[in-house]
Amino acid sequence: MRGDGVIPGGVLVARRVTEAVAERARQRFGAIITDHDMTADEALGIVAEKGLAAVVTGGKVRITAAHAAKLPPSLRIVANTSVGHDHMDSEAVKAAGVVVTNTPDVLTDCTADLAFMLLLNACRRGHEYEAIMRAGWRKGYGFPDNLGLQVSGKTLGIVGMGRIGQAMAQRARGFGMTVLYHNRRRLPAEQEAGAEYFADLNEMLPRCDILSLHLPGGEAGTLMTAEAFARLPRGAVFVNTARGSLVDEDALIEALKSGQLFAAGLDVFRREPDFDLRFAELPNVFLTPHVASATVETRNAMGFKALDNVAAVLSGKPPIDPV
């Protein structure tokens, strides 16, 4: 470290961040802070021009294999401010001798909170009820009208029982739900906490009143096809806070229109932000714009964790969260 306490090497924060993260980056590194979300070409151009050692990235810094083949020689670390890093060719960057990091753990509870919010609003017709009130109400509803589904006591199927899946299961138990899960491998009994494991997803689907996805999209391909939706009980509810690429959206829309699904709660889509507007036309879908980690506490923690990884590498230590 220099005497003024700034870690040398030079850092570019190539995405818009919270003021708390920006201030820490300035104090710790004398970092260059962008006022917009940079592309890979913009960010790497500044790294090359300034001879910087680190770049803190977001989803728009899509570093490809072509970029990796000609990375600036000064660059030592690409620190992602997210758990996911499928927006960039991490293997090509690492092969070029540059460390790649991400931010696991810090968004577990925040994502599970939003997933359960989607679940509740899908089951209890949150979008429709809110639309009635926004329109002024003024019309009484009778005994059989606008009925949702009771969440308590239902069976929840979780696909991907990592940290977020386990946090979702914990919330479900608070509602007296039965928890089933499909994962690449079975968890130890203490992590299952009574959840029932299914090695075969197709065997689990017919038993799910509600299905929630919590696994990375890059590995599984399109998991939820027309056939998969058809295996769910008629009137099931579907929740996705994982990746839009896991879902055949045409099949999902058809299942929602036909009544095969009672409702869905969706935070992620195949094309973002230009999502399929047919979803917005369906009354039985509760929609959010990929905001599972969007709380002050979590976004600060994500940024701080990226900066901690930068500090470790620039100080000659191993990265804390290597990809």
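This is a tour of a predicted model, moving from the whole chain to single residues. Residues are numbered from 1 along each chain as its sequence is written, and side-chain values use heavy atoms, with hydrogens and water left out. Because the model is predicted, local features need pLDDT of at least 70 and side-chain atom pairs count only at pLDDT 80 or more, while totals for chains, interfaces and linings use all residues.

**Whole chain**

Start with the protein chain in cartoon view, which shows 13 helices and 12 strands. These are DSSP runs numbered from the N terminus: helices are H or I with at least four residues, strands are E with at least two. The radius of gyration is 22 Å, close to the 20 Å of the globule rule for 323 residues, so the chain is as compact as a globular protein of that length. That radius is taken over C-alpha atoms, and the rule is 2.2 Å times the number of residues to the power 0.38. The C-alpha trace spans about 70 × 50 × 35 Å along its principal axes.

Switch to a surface: its accessible area is about 15400 Å², with 52% belonging to carbon and sulfur atoms (Shrake-Rupley method, 1.4 Å probe). Of the 323 residues, 47% count as buried. Buried means under 20% relative accessible area, exposed over 50%, and partly exposed in between, with a 1.4 Å probe and protein chains only.

**The largest nonpolar core**

Select Leu211, Leu213, Phe229, Phe238, Leu252 and Leu261, the residues with the most contacts inside the largest nonpolar core, which has 31 residues. Such a core is a set of buried Ala, Val, Leu, Ile, Met, Phe, Trp, Tyr and Cys residues joined through side-chain atoms within 4.5 Å. Elements giving two or more residues to this core include β9 (210–213), β10 (236–240) and α12 (249–258); α12 gives the most, with 5 residues.

Next, select valine 159 in strand β6 (residues 155–159). Valine 159 is buried, with a relative accessible area of 1%. Beyond four places in sequence, valine 159 touches residues including His182, Leu201, Met204 and Leu211, where a contact means heavy atoms within 4.5 Å.

Now select Ala115, Phe116, Val151 and Ala263, which are among the members of a second, separate core of 25 residues. Then go to cysteine 123 in helix α5, a buried residue with a relative accessible area of 1%. Not counting residues up to four places away, cysteine 123 touches Gly148, Leu149, Val151, Ile210, Val237 and Phe262.

**Backbone exceptions**

Most residues other than glycine have a negative phi, and most peptide bonds are trans. Select arginine 125, in the loop between α5 (108–123) and α6 (126–134); its phi is positive, about 60°. Histidine 290, in the loop between β12 and α13 (296–314), also has a positive phi, near 50°. Histidine 290 is partly exposed, at 38% relative accessible area.

Finish at the peptide bond joining glutamate 272 and proline 273, which is cis with omega about 5°. Proline 273 lies in the loop between β11 (261–266) and β12 (285–287).
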